[in-house]
Amino acid sequence: MGPLQETRMRRRRVAAWMMLAATLGLAACGSISRPSADLVELSSPSAPTPLDAFRFIATDPVGSEAFLESWRVQRKPEAGDGVTVLAVSGGGANGAFGAGLLVGWTEAGARPVFDIVTGVSTGALMAPFAYLGPEWDDELTTAYTDPDAARLTEGQWGLLRRPSLYSDRSLRALVSKYVDGAMLAAIAAEHAAGRRLLVATTNLDAQEEVIWDMGAIALAGQASGQESAALALFRDVLVASASIPGVFPPVMMDTGAPGDEAAEMHVDGGVTTPFVLAPATMSFWEPQGALTPADLYVIINGEIEARRTITKGATLPILMRSFDTMSKADLRAHLLASVAFAERNGAALRYAAIPTELGADSLAFDTESMGKLFEAGRAAGVAGTAFREVSPEDISDPAGPP
């Protein structure tokens, strides 16, 4: 699939969110005070900011190539037989499945050491634990079975006070509970050793997918006097990536650039991409040497197969069903593009997704539902049945693989 088709698919996803938000009456709700667009000269994509040391735009070939070249130089002396990648998708509460899968994978004794881990939305919250390896499985288990997760969507809707159904207070508290100085120090050490941890957010002002180098943020935080700032930015990026538009408020990122009056508005990375295997601008990239891909794994915290049902003939059910259908189509299209990338480079691509019979609900943050998904993922990981090799024939049928 080419860049034009990807762009069209992303526009359809954003349109679905807009329709859903309008139906819920969000247009007349609370808002974030921002300067008028005609009074502020927005920074051009090439205008440098202090945050650029830790990120690049997925569709910017210069930024993408600079990141990859920097990684190649650092990785080259110890490069092995190829790059092993783990990409974790979004999915809200369904992230419990992916967390359980990782733990079960460890128990089976077959979990690889990943050279690069990427995360989107709930996958961004999971990615630091996946990156740090089995030694952090206890923390990962606790995080995704924590009763505090049930509070993410508790309480009164605050439509008149904020631009979202729920506050981000509980989400921020949950992130702060598990993401601390010790975690950043561990991530910094792995980054210095040549591994990479990336998280995607969506900059709504620029309509761009932004890739954050979380290891670079963690490493910067090891400098004297920089600990608090690095920890705050690290947490902000995770919260932004997990902030489902309309459900949680966006995260406002102060660029720190002189004369830049408007903080950037960042939301769920899933608005622009379901998962990240390679920067969007490098769909036809053929890496060589130290960056040659070998094993590519994708954890989809959601269903990819069709779930047949009778759609109720009312506005909200029709919109919700349409959004779910477009999301699955987007996932299949993204997997097809990833298959082409893998085949072109002689790599093996495997993916895991939630079976439809589990009846997963991305907004079911209650302890029982998340615990059920966690155990299902764990059982699949232990049994070695979670991942399947994928080919274009497997996922071109909306009913999914046999």
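These legends accompany close-up views of a predicted model.

**View 1. The protein chain as a whole.**
The protein chain has 12 helices and 10 strands. Of its 402 residues, 54% are buried.

**View 2. The nonpolar cores.**
In soluble globular proteins, nonpolar side chains tend to be buried together. Here the largest nonpolar core has 74 residues. Those with the most contacts inside this core are L86, Y144, W212, M214, I217, F234 and L238. A second core is separate and holds 32 residues, including A58, L335, F341 and A347.

**View 3. Surroundings of L86.**
L86 is one of the residues with the most contacts inside the largest nonpolar core. Setting aside residues up to four places away in sequence, L86 touches L102, F114, I116, V117, T118, A130, Y297 and I299.

**View 4. S121, between β3 and α4.**
S121 sits in the loop between β3 (116-120) and α4 (122-132). Is S121 buried or exposed? The relative accessible area of S121 is 4%, and the cut-off for buried is under 20%, so S121 counts as buried. Most residues other than glycine have a negative phi. S121 is not a glycine, yet its phi is positive, about 60°. Beyond its neighbours within four places in sequence, S121 is in contact with G90, S241, A242 and D268.

How many residues of α4 are buried? The count is 11 of 11, so α4 is mostly covered. G133 follows α4 and has a positive phi, near 95°.

**View 5. G95 in helix α3.**
G95 lies in helix α3 (residues 95-107). With 0% relative accessibility, G95 is buried. G95 and L125 are 30 residues apart along the chain, and their C-alpha atoms are separated by 8.8 Å. Which residues does G95 touch, not counting residues up to four places away in sequence? They are T122, M126, Y144 and N301. Y144 is one of the residues with the most contacts inside the largest nonpolar core.

A93 occupies the loop between β2 (83-88) and α3. This residue is buried, at 0% relative accessibility. A93 and S369 are 276 residues apart in sequence, but 8.4 Å apart in space from C-alpha to C-alpha. Leaving aside neighbours within four places in sequence, A93 is in contact with D361, S362, L363, A364, F365, M370 and L373.

**View 6. Helices α7 and α9.**
Two packed helices are described by the angle between their axes and the distance between the axes. The axes of α7 (residues 181-192) and α9 (residues 227-241) come within 11 Å and cross at roughly 90°. Angles of 65 to 115 degrees count as roughly perpendicular; α7 and α9 are therefore roughly perpendicular to each other. On the α7 side, the contact is made by G181, L184 and I187. On the α9 side, A230, L231 and F234 take part. Together these residues divide into five nonpolar, one polar and no charged. F234 is also among the residues with the most contacts inside the largest nonpolar core.

**View 7. T201 in strand β4.**
T201 is placed in strand β4 (residues 196-203). T201 is buried, with 0% relative accessibility. The side chain of T201 makes a polar contact with the side chain of H266, at 2.9 Å. Neighbours within four places in sequence aside, T201 is in contact with E208, E209, V210, W212, V237, A240, S241, H266, V267, G269 and T272. S241 is also in contact with S121.

**View 8. Q207, between β4 and β5.**
Q207 is found in the loop between β4 and β5 (208-213). Is Q207 buried or exposed? The relative accessible area of Q207 is 70%, and exposed means over 50%, so Q207 is exposed. Q207 is a residue other than glycine with a positive phi, near 55°.

How values were computed. Residues numbered from 1 in each chain as written. Predicted model: local features only at pLDDT ≥ 70, side-chain atom pairs only at ≥ 80, totals over all residues. Heavy atoms only, no water. Core = buried A, V, L, I, M, F, W, Y, C linked by side-chain atoms within 4.5 Å. Buried < 20%, exposed > 50% of the residue type's maximum accessible area, 1.4 Å probe, protein only. Contact = heavy atoms within 4.5 Å. Helix = DSSP H or I, 4+ residues; strand = E, 2+ residues; numbered from the N terminus. Axes fitted to C-alpha atoms, helices over the stretch in contact; angles between N-to-C directions. Parallel < 35°, antiparallel > 145°, perpendicular 65-115°, else oblique. Nonpolar A, V, L, I, M, F, W, Y, C, P; charged D, E, K, R; others polar. Polar contact = N/O pair within 3.5 Å; in protein donor to acceptor, adjacent residues only side chain to side chain.
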